[in-house]
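Trainee: I would like to work through this model slowly with you, one element at a time. Could we begin with a helix and then turn to the sheet?
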Amino acid sequence: MKLLDLNTHSWIEVEQERKLQELIDFILAGDYDLITLQEVNQTMTAPLWEPDAYFCPVAKQRSIKEDNFARLLVEGLRQAGKAYYWAWADAHIGFDRYDEGVAILSKEPLQPEAYWVSAIQDRTDYHTRVLLRAQTHIGERALQVASGHFSWWDPDSDISFGYEWKKTETILRGHAELPLILMGDFNNPAGKRQEGYDLIAASDLKLQDAFLVAKEKEGEFTVEKAIDGWEGNVDQLRIDLVFLSQDFVVDSYRVVLDGQRGPVVSDHFGLEIIAHWA
């Protein structure tokens, strides 16, 4: 199975239409089974879009606008002959003009659910975060996939990754009978003595970090400069992460959409994971 994760930074990128088409072309070539996306935006004032059979709504679904980035991505893929089912859940208002959220694309139908994981549940506050989790199939086997965009570490506040991870654990633990793929922008760098990452590593969910267990690796870091939320950063960061339950074996981990393995389409690079059932 082939997996792709990307924080799209959508509608904030320069030359966004060109980069959208480059992403469409990249996905067409990659033929991914599951795709998770973050910072999937739509303009709050854009015209409404009438959902079709490929859109899988969550409960209390926010209306989809015509310029929803995931919608345009799926439409472009379908016009090129590759159909994906998709789900989108909004978390907060971004940059004062966007409904910002997370998305999942799958070759098979999705049964999605959206959950608040932040201590704050106010769309006008960018600290408000959601987890989008869906049940789907690869081949004849059922599994769950989740897309998350989490907050930074703050040991002195509930507005922090620590709070959000505990909520996320509880949600995923409630579906422990299903194999799990969890992907997203965690905003907590991997590495020793990184408190947020250490919480995930110590979780009783017993998740595998795809980078650590992959038989083959190409690249490591997904952020290499200062970006939104990491102003002043000069380090190479591995903050976009892929975790899998023990039901999978990870064959390869590749940093993609980085200018070497695909065009740069966002302020984050993407991750491509190839895995198989254990």
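Trainee: Which residues of α1 are buried?

Mentor: This is a predicted model, in which local features need pLDDT of at least 70 and side-chain atom pairs count only at pLDDT 80 or more, while totals for chains, interfaces and linings use all residues. Residues are numbered from 1 along each chain as its sequence is written, and side-chain values use heavy atoms, with hydrogens and water left out. Helices (H or I, at least four residues) and strands (E, at least two) are DSSP runs numbered from the N terminus, and buried means under 20% relative accessible area, exposed over 50% and partly exposed in between, with a 1.4 Å probe and protein chains only. By that rule, the buried residues of α1 are Gln16, Lys19, Leu20, Leu23, Ile24, Phe26, Ile27 and Gly30.

Trainee: Within what arc do the buried residues of α1 fall, seen down its axis?

Mentor: The arc is that of the directions from the helix axis to the C-beta atoms. The buried residues line one face of α1, because they fall within an arc of 165°.

Trainee: Which exposed residues does the face of α1 turned away from its buried side carry?

Mentor: The buried side is covered by elements including β1 (2-7), β2 (34-43), α2 (69-79) and β12 (248-256), where contact means heavy atoms within 4.5 Å. The face turned away from that side carries the exposed residues Glu17 and Ala29.

Trainee: How many Å apart are the end C-alpha atoms of helix α1?

Mentor: The expected span is 1.5 Å times one less than the number of residues. For the 15 residues of α1 (residues 16-30) this gives 21 Å, which agrees with the model, where the end C-alpha atoms are apart by 21 Å.

Trainee: Over how many bridges do β7 and β8 pair?

Mentor: In this pair, Gly148 stands opposite Gly184 in β8. Strand β7 (residues 141-149) and strand β8 (residues 180-185) pair in the parallel sense, and the number of bridges is 6.

Trainee: Is Gly219 buried, partly exposed or exposed?

Mentor: Gly219 lies in the loop between β10 (216-218) and β11 (240-244), and touches Phe211, Tyr253, Val255 and Arg261, not counting residues up to four places away in sequence. Because its relative accessibility is 36%, Gly219 counts as partly exposed.

Definitions and conventions: Two strands pair if DSSP finds at least two bridges between them.
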